[in-house]
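Biologist: I have not looked at this one before. Can you take me through the metal sites and then the disulfides?

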Amino acid sequence: MSVPDMHGGGARPPGHGTSRFLRSRRTWSALAAAAAAVLAVGIAIPAFAVLSGSPSNFEANDGNMVVNTTGNNDWNSVQGSPNYVHLTDPSNTTADDSFKSGQKQDSPCPVINTNKNPPKDDFTDVASFSETNVDPSSAQFRHTFLDGATIRFAANGSASENVELNQGTNGTCTGTTLLQRSKGDKLIAIDYTTGGTTVTFHVLTWIVDNSDPNNATCFVKTDSPPCWGVNSQTLAANAAEGQASQAAILAAQNKISNTDLAAGQFAEFGVDLTAAGIVPANTCKAFPQTVWESRSSGSSFVSSTEDVSVEQHTVSNCGTITIKKHTDPRALDQVFGYTSNLPANDKAGGVAGIDANGNFSLNDKGNTSGDSAGRVRVRVAVVQRRHDLDQRQDSDDHPRSRRQPDMYLRQQAATRGH
Ligand SMILES: [Ca+2]
Ligand SMILES: [Ca+2]
Ligand SMILES: [Ca+2]
Ligand SMILES: [Ca+2]
């Protein structure tokens, strides 16, 4: 194609070219202005995206707490959910639980003391919401999601923080409720930048020796295990999102702390823990404790940790089991023993009626809610969310045996009560 063809044709009157050029320049100016406007709009209005597969369609990257799209959820709509946790943290006080300054972070038990933190790194509140996708038709079936929110004493659009997920397999640190860091614990390092409109996520793993060839040394090169390993995984947009608040939030639109907030005081994120490699889709994994840590902006993931808030709420993809036993007549003092292949748990022994081998017993003594008459009736209801299993067994004496994917419950003895 010739150049004249590109401009729409051959010979033209003298002077017309200039006019066309001017018109062309005006057109380009208009286009440029329009493009700038589009760009400005694109920057000013956050994408109200939710992470793919989020069961609640949680709006974790719009920097506010209100539900903006019908059918979605945000902080204001999950109040009262058992998966929602809110902690108030001391602020603007020397009595704030904090990491002892200057200590080495590669310790299984970091020292927490009280300290007054810089206002921009001083949590007033933290909140979390976790859930597991149980929709077999979803591409994220069995993925576990964690949403988090932090509110600071002073606005800090470019905030930095760590969210540490502890398994607690080594028990607690002496004299505290803090779980010792143990092999495979995860640290999600979050950096809000560009005024909080850009968020980057890195995941580090606690190592105790050099045995993992992909993560054999420490992130802090001068340290040796146990430590946060050198392998720092950056999360892609399909695994994590977030934003710090770009506008003020009125108390009425802040169901986390019910106070007016300036732009930049609130920050939120969402992580698909399964896409992030933290919680596998098909194996039970539990983190009973989440430790929230503020860092000075842009600092290294494992240094300059300041404020701390410790959350005792399990983030897990593990199934739940509900068993109801009714005797007829009601309230018989008859113990029914069960064996199971639930994982041995020395922490649960005697606490929830489950012994170290996963075995337990049930008793209807003292119960009054109704069941049918006649004989001793045993009802075993098993709800295993992880496998989308909802099975009820109902019989006169022994529950009928049905094959279940990877869990069984077996009643040892069921005795007619009369
Ligand atoms: Ca939000
Ligand atoms: Ca929202
Ligand atoms: Ca604190
Ligand atoms: Ca604080």
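Biologist: How far apart are the calcium ion (ligand 1) and the calcium ion (ligand 2), and which residue coordinates both?

Modeller: The two ions are 3.9 Å apart, and Glu59 coordinates both. This is a predicted model, where local features need pLDDT of at least 70, side-chain atom pairs count only at pLDDT 80 or more, and totals for chains, interfaces and linings use all residues. Residues are numbered from 1 along each chain as its sequence is written, chains are lettered from A and ligands numbered from 1 in the order in which they are written, and side-chain values use heavy atoms, with hydrogens and water left out.

Biologist: What are the protein donors of ligand 1?

Modeller: The calcium ion (ligand 1) has Glu59 (O), Asp62 (OD), Asn64 (O), Asp74 (OD), Asp74 (OD), Glu268 (OE) and Glu268 (OE), lying 2.3 to 2.6 Å from it. Donors are N, O and S atoms within 2.8 Å of the metal (3.2 Å for Na, K and Ca); water is not among the atoms, so sites may look incomplete.

Biologist: Are Asp74 and Glu268 buried or exposed?

Modeller: Both Asp74 and Glu268 are buried. Buried means under 20% relative accessible area, exposed over 50%, and partly exposed in between (1.4 Å probe, protein chains only).

Biologist: And ligand 2, why is its arrangement called octahedral?

Modeller: The six donor atoms around the calcium ion (ligand 2) subtend angles of 84 to 173°, so the arrangement is octahedral. For six donors, that term requires opposite donors over 155 degrees apart and all others between 65 and 115. Among the donors is Val66, through its O atom, and Val66 is partly exposed at 23% relative accessibility.

Biologist: Switching to disulfides, how many are there?

Modeller: A search of the whole structure finds three, a disulfide being a pair of cysteine sulfur atoms within 2.5 Å. Counting bonded cysteines along the chain, the pattern is 1-2, 3-4, 5-6.

Biologist: Which cysteine does Cys109 pair with?

Modeller: Cys109 is joined to Cys173, S to S 2.1 Å. The torsion about their S-S bond is about -95°, so this disulfide is left-handed. Cys109 is partly exposed at 27% relative accessibility, whereas Cys173 is buried at 5%.

Biologist: What about Cys218 and Cys284?

Modeller: Cys218 is joined to Cys227, and that link is left-handed, with -90° about the S-S bond. Cys284 pairs with Cys318, their sulfur atoms 1.8 Å apart. The link of Cys284 and Cys318 is right-handed, with 95° about the S-S bond.

Terms used:
Four donors count as tetrahedral if all angles lie between 85 and 135 degrees; four count as square planar and six as octahedral if opposite donors are over 155 degrees apart and all others between 65 and 115; anything else is irregular.
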